[in-house]
Amino acid sequence: MFPRQKVGELKGHTGPVHSAIYSKDGEYVLSAGGDRSVKLWNPKTETCIFTYTGHGKEVLSVQFSGSYDATVRIWDCRSLSKRPVQTLNEAKDSVEWVKMEEYQILSGSVDGHVRVYDIRTRKVIIDNVGFPVTFCGLSNDKNCMLVNTLDNVIRLFDVETGELLNDYRGHKNQEYRLVPCLTKNDSHVIGGSEDGKVRIWDLVEGEIVHTIDAHEQVVTMVHYHPFEHEMLTCSFDNTIKVWK
């Protein structure tokens with residue numbers, strides 16, 4: 001079963017929406033956009049709760065946030081302060097994606113590298129992928145890493161060995177940062193496309209099993225709900241859509 005029907009829409013960004021993710025409990029949505037802001041939403045009421053500012057250029061990813069200014073900035077949500085409490089500046093080009101995984105912060109950059117920051121040891125591991133990286137994230141079982149690059153390909157790597165396990169093709173992605181995801185049971189890969197469609201691949205076979213006409217413009221990100229068969233898509237059309 002895949003989400004196919006739109007059940008909600010979040011409006012409030014004044015520029016393209018580059019990222020939208022669910023909170024771990026599925027109750028909130030955090031988004032980032034071309035208007036240089038990060039917004040916290042209640043998706044059930046379709047209202048914006050708070051807006052975070054501080055980046056000097058477009059904000060590309062959230063959980064923590066990454067930006068065209070080649071930094072990763074971290075805010076303390078409990079304090080509701082608009083100022084970041086820490087800045088990571090190792091990237092040599094725009095930071096396209098940031099993801100928190102237990103004690104690690106994963107980031108992908110146009111400079112072609114995946115950087116893994118270990119919060120416990122304060123060390124960073126840097127891997128050269130060879131193409132501009134727009135997304136990197138672990139599977140739900142933590143055994144694989146999904147990496148998206150600007151060559152119309154999504155790749156799946158073994159975390160322990162670094163072996164390429166599979167790749168996923170059929171979408172268009174050469175110009176913009178697009179962020180795919182895995183379903184909650186790691187059975188399928190879901191990704192947006194520069195043609196406005198969302199495509200769903202079988203993880204093992206690597207074949208497209210379903211296509212959704214999601215937006216009229218570029219689908220920048222897809223994010224799956226932590227518990228339900230529900231997902232978010234966001235687009236250059238300034239909107240975030242909820243699908244079931």
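**View 1. Strand β4 and its antiparallel partner β5.** Strand β4 (residues 38-42) is joined to β5 by 5 bridges, and the two run antiparallel. The model is predicted: local features need pLDDT of at least 70 and side-chain atom pairs count only at pLDDT 80 or more, whereas totals for chains, interfaces and linings use all residues. Residues are numbered from 1 along each chain as its sequence is written, and side-chain values use heavy atoms, with hydrogens and water left out. Strands are DSSP runs of E with at least two residues, numbered from the N terminus, and two of them pair if DSSP finds at least two bridges between them. Within this pair, V38 is set opposite Y52 of β5.

**View 2. The open sheet that contains β4 and β5.** Its 4 strands follow the order β2-β3-β4-β5, with antiparallel pairing. At the edges lie β2 (17-22) and β5 (47-52), each of which pairs on one side only. From one strand to the next, the twist averages 20 degrees; axes are lines fitted to C-alpha atoms, and angles run from 0 to 180 degrees between N-to-C directions.

**View 3. The open sheet β14-β15-β16-β17.** This sheet also has 4 strands, taken in the order β14-β15-β16-β17, and its pairing is antiparallel. Strands β14 (133-138) and β17 (164-168) form the edges, and each pairs on one side only. The average twist between one strand and the next is 20 degrees. Between β14 and strand β15 (residues 144-149), which run antiparallel, there are 5 bridges. V133 faces T149 of β15 across this pairing. The loop between β14 and β15 holds K142, a residue other than glycine whose phi is positive, near 70 degrees. K142 counts as partly exposed because its relative accessibility is 36%; the classes are buried under 20% relative accessible area, exposed over 50% and partly exposed in between, with a 1.4 Å probe and protein chains only.

View 4. Strand β11 (residues 104-109) pairs with β12 in the antiparallel sense through 5 bridges, and D118 of β12 is the bridge partner of Q104. The hairpin of β11 and β12 leaves 3 residues between the strands, and G112 in its turn has a positive phi of about 85 degrees. With β13, strand β12 pairs in the antiparallel sense over 6 bridges; here H113 stands opposite N128 of β13.

View 5. R122 belongs to the loop between β12 (113-118) and β13 (123-128). The hairpin has 4 residues between its strands. Although R122 is not a glycine, its phi is positive, at about 60 degrees. R122 counts as exposed because its relative accessibility is 79%.

**View 6. The largest nonpolar core and the surroundings of I240.** A nonpolar core is a set of buried Ala, Val, Leu, Ile, Met, Phe, Trp, Tyr and Cys residues joined through side-chain atoms within 4.5 Å. The largest one has 38 residues, and L146, Y168, V189 and I240 make the most contacts inside it. Apart from this core lies another, of 12 residues, including I190, V219, V222 and M231. Contact means heavy atoms within 4.5 Å. With residues up to four places away in sequence not counted, I240 touches G8, E9, L10, V17, A20, S31, W41, L232, T233 and C234.

**View 7. E230 in the loop between β22 and β23.** This loop joins β22 (219-224) and β23 (231-235) and contains E230. E230 counts as buried because its relative accessibility is 10%. Neighbours within four places in sequence left aside, its contacts are P3, Y22, H223, Y224, H225, V242, W243 and K244. E230 and I212 are 18 residues apart along the chain, and their C-alpha atoms are separated by 14 Å.

**View 8. The charged end of R120 over the ring of Y103.** The charged end of R120 sits 3.5 Å from the centre of the Y103 ring. A charge sits over a ring if NZ of Lys or CZ of Arg is within 6 Å of the ring centre and within 35 degrees of the ring normal.
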